Amino acid sequence: MEMSRERFEELVGEALDEVPEELLRLMSNVVILVEDDPPAGENLLGLYEGHALTERGWSYSGVLPDRIFIYRRPILHICATEDDVVDEVAVTVVHEIAHHFGIDDERLHALGWG
């Protein structure tokens, strides 16, 4: 699947627009970034780096924002159509936001957000 970076970023923005406002308001100190590729040797569609809200204690202050990465090329590689990309971006965005809230992969898979 071929898609410009600009269009892919639009789809990430649209996926974020679908996240309930109440949930977005609860997110704290996190940025969402689009990268072309995951770190070398990694086979990822997205990645959450940081301290989940459930792990933050009284000493959590003055830290750089957590980062959610959405990886463009791996997502495009597994998709055949733009509709597939829309669906996969939405699942990946929700999956990584869930990690920000402390939900692990096992629970996400059980909920259908693998």
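1. Contact here means heavy atoms within 4.5 Å. Helices (H or I, at least four residues) and strands (E, at least two) are DSSP runs numbered from the N terminus. On these terms, the buried residues of H4 pack against H1, S1, S2, strand S3 (66–71), helix H3 (72–78) and helix H5 (105–110).

2. The model is predicted: local features need pLDDT of at least 70 and side-chain atom pairs count only at pLDDT 80 or more, while totals for chains, interfaces and linings use all residues. Residues are numbered from 1 along each chain as its sequence is written, and side-chain values use heavy atoms, with hydrogens and water left out.

3. Helix H4 has 19 residues and reaches 27 Å from its first C-alpha to its last, close to the 27 Å expected at 1.5 Å a residue; the expected span is 1.5 Å times one less than the number of residues. Buried means under 20% relative accessible area, exposed over 50%, and partly exposed in between (1.4 Å probe, protein chains only). The buried residues of H4 are Val85, Val89, Thr92, Val93, His95, Glu96, Ile97, Ala98, His99 and His100. Gly102, which follows H4, has a positive phi, near 85 degrees.

4. Salt bridges come next. The criterion is a side-chain nitrogen of Lys or Arg within 4 Å of a carboxyl oxygen of Asp or Glu, and the count by this rule is ten salt bridges. Side chains of opposite charge can pair when their charged atoms come close.

5. Arg5 and Asp36 form a salt bridge, with their closest N and O atoms 3.1 Å apart. This pair links distant parts of the chain, 31 residues apart: Arg5 is in helix H1 (residues 5–17), and Asp36 is in the loop between strand S1 (30–35) and strand S2 (46–49). Arg5 is partly exposed at a relative accessible area of 28%, as is Asp36 at 22%. Both belong to a network of salt bridges that links Arg5, Glu9, Asp36, Asp37, Arg72 and Arg73.

6. Arg7 takes part in a salt bridge with Glu14 (3.7 Å, N to O) and in another with Glu82 (2.5 Å, N to O). Relative accessible areas are 25% for Arg7, 38% for Glu14 and 33% for Glu82; Arg7 is partly exposed, and so are Glu14 and Glu82.

7. Asn29 is in the loop between helix H2 (21–26) and S1 and is partly exposed, at 29% relative accessibility. Leaving out residues up to four places away in sequence, Asn29 touches Arg56, Tyr60, Val63, Leu64, Pro65 and Asp66. The C-alpha atoms of Asn29 and Val63 are separated by 8.6 Å, although the two residues are 34 residues apart along the chain. A polar atom of the Asn29 side chain lies 3.5 Å from the backbone oxygen of Leu64.

8. How many aromatic pairs does a search of the whole structure find? The search finds one, where rings of Phe, Tyr and Trp (its six-membered ring) pair if their centres lie within 6.5 Å, with planes under 30 degrees apart counted as stacked, over 60 as edge-to-face and the rest as tilted. Phe69 and Tyr71 have ring centres 6.0 Å apart and planes at 5 degrees, so the pair is stacked. Both residues, Phe69 and Tyr71, are buried.

Note on methods. Polar contact = N/O pair within 3.5 Å; in protein donor to acceptor, adjacent residues only side chain to side chain.
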